[in-house]
Amino acid sequence: MTFAIAILAAGKGTRLKSKHPKVLHTVGGKPLLEHVIAAATRLVTPSDIYVIIGHEADRVRDAVAHTGVQYVVQTEQRGTGHAIQQLLPALLAGSTPRYDHLLVLSGDVPLIRPETVIRLRDFHLAERAAMTILTAVLADATGYGRVVRQAKDSAEVAAIVEHKALTPEQSSLNEINSGIYAFSIAPLQSHIAELKTANVHAEYYLTDMAALLVAAGERVVAIPAEDAEEILGANTLREMMLLDSAMRLRTAEKLMANGVTIFRPDTTTIDASVEVAADAVIEPFVQLLGNTRVGADTVIRSYSVLRNVVVGEGVLIRNSCVLEDATVASGAQIGPFAHLRPGSEIGENAHVGNFVETKKTRLGKGAKANHLAYLGDADVGENSNVGAGVITCNYDGVHKHPTTIGKSVFVGSDSTLVAPITIGDGAYIAAGSSITNDVPADALAVGRSRQITKPDWAKKRREASKT
């Protein structure tokens, strides 16, 4: 049995009061739509996933182009039924379906798990249904369309009734339609043209397919999701942030189940794409974003932010550090208040201390820059020591130039290294020096003005100022 998956992503999301397409709003570190695509790719290949786009179609397409999915443009957004009408030609070879079945997902339901979609698929096949509806049971179903079953304990559905159209008897029902479906293509193709726009929005509703198929003698069934939270969407930014919170808590719980210690997980911000090895420790108010990878036995202290960072094993990242597009090898120590900018590579057992900033810089194994330094476009060799207040002057206003510091070099405090420059292995740079020429290995370089001391100068000046 072959399946295609349609993801409805054409809507504007008017109630968000945002200029951005609804499905591109971010939760858990990714656009809503990308989460749904990720779930879909657990069932079929990207070439069998069709994202139906409309509002800001080009922006949506560009945002998820890397996923390799197919696109169908719904030029006029005339409802979910109309969206599937636009899709059907892409699923046909002439008049013959290329697929046996179609799964329909919503692009704004990011918490849906692949396991739930698989349950829907398998139930649909087992029941030999024309349409299978994923439902959820809510304590308070106010505002949602209700699923009306043929009988109380029956899998078969009579219809889906919108909230405003409920009879007094139906208003007590608490099983809602999730907007996620499985269809057999042949009956869908045969009856979808029968959809009408007799509703307040004058749109073609896919929900009406349930009643149409039942009237045609086809089998329509429903299966409830095990967790109602999975089918939640968002129509306001407040609801969007509730989804974000739920997704991040789910991520934290998954990490903790795999051996990661997370103190106060409700305070952490961990993207769904982040990977953390067992026995790592994450303190409160840490942010782990993007494609960050954290090794075993690493400790990340409070208020640190890591984005797209690869961290080795046994690393200590002290409080309030900011790391982006950087790598930190095993045993290194970072911070507090360190800033590793893109292109920073911190070697094994190296130290980057408080208020040190690095950019496109490599620190070799055991190298140290412990205080108040800026290292840009630099290569620092193994076991070298960079003192407090050291600056690599790498920019001349037009070009960035490299600074190369060899192994076991000592750079004294408050020195400026004017690139391009190379300092050989084992060299010493005297404190307070301005170094403009290469320094040979094992040499001492002193680049500072000669000190002049004038005895009693200050005393005489004070006395003169009194007259």
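I346 has L363 in β31 as its bridge partner. The two strands concerned, β28 (residues 345–346) and β31 (residues 362–363), are joined in the parallel sense by two bridges; strands count as paired if DSSP finds at least two bridges between them. Strands (E, at least two residues) and helices (H or I, at least four) are DSSP runs numbered from the N terminus.

This is a predicted model, in which local features need pLDDT of at least 70 and side-chain atom pairs count only at pLDDT 80 or more, while totals for chains, interfaces and linings use all residues. Residues are numbered from 1 along each chain as its sequence is written, and side-chain values use heavy atoms, with hydrogens and water left out.

β28 and β31 belong to an open sheet of nine strands with parallel pairing, in the order β16-β19-β22-β25-β28-β31-β34-β37-β40. β16 (275–276) and β40 (421–423) each have a single partner strand, so one side of each edge strand has no neighbour in the sheet.

I346 and L363 are also among the residues with the most contacts inside the largest nonpolar core, which has 49 residues; L288, I317, L323, I334 and L340 are listed with them. Such a core is a set of buried Ala, Val, Leu, Ile, Met, Phe, Trp, Tyr and Cys residues joined through side-chain atoms within 4.5 Å, where buried means under 20% relative accessible area, exposed over 50% and partly exposed in between (1.4 Å probe, protein chains only). α7 (237–257) and β40 are the elements that give two or more residues to this core. Apart from it lies another core of 36 residues, among them A9, L33, L138 and A225.

Beyond its neighbours within four places in sequence, L340 has contacts (heavy atoms within 4.5 Å) that include L323, I334, I346 and V352.
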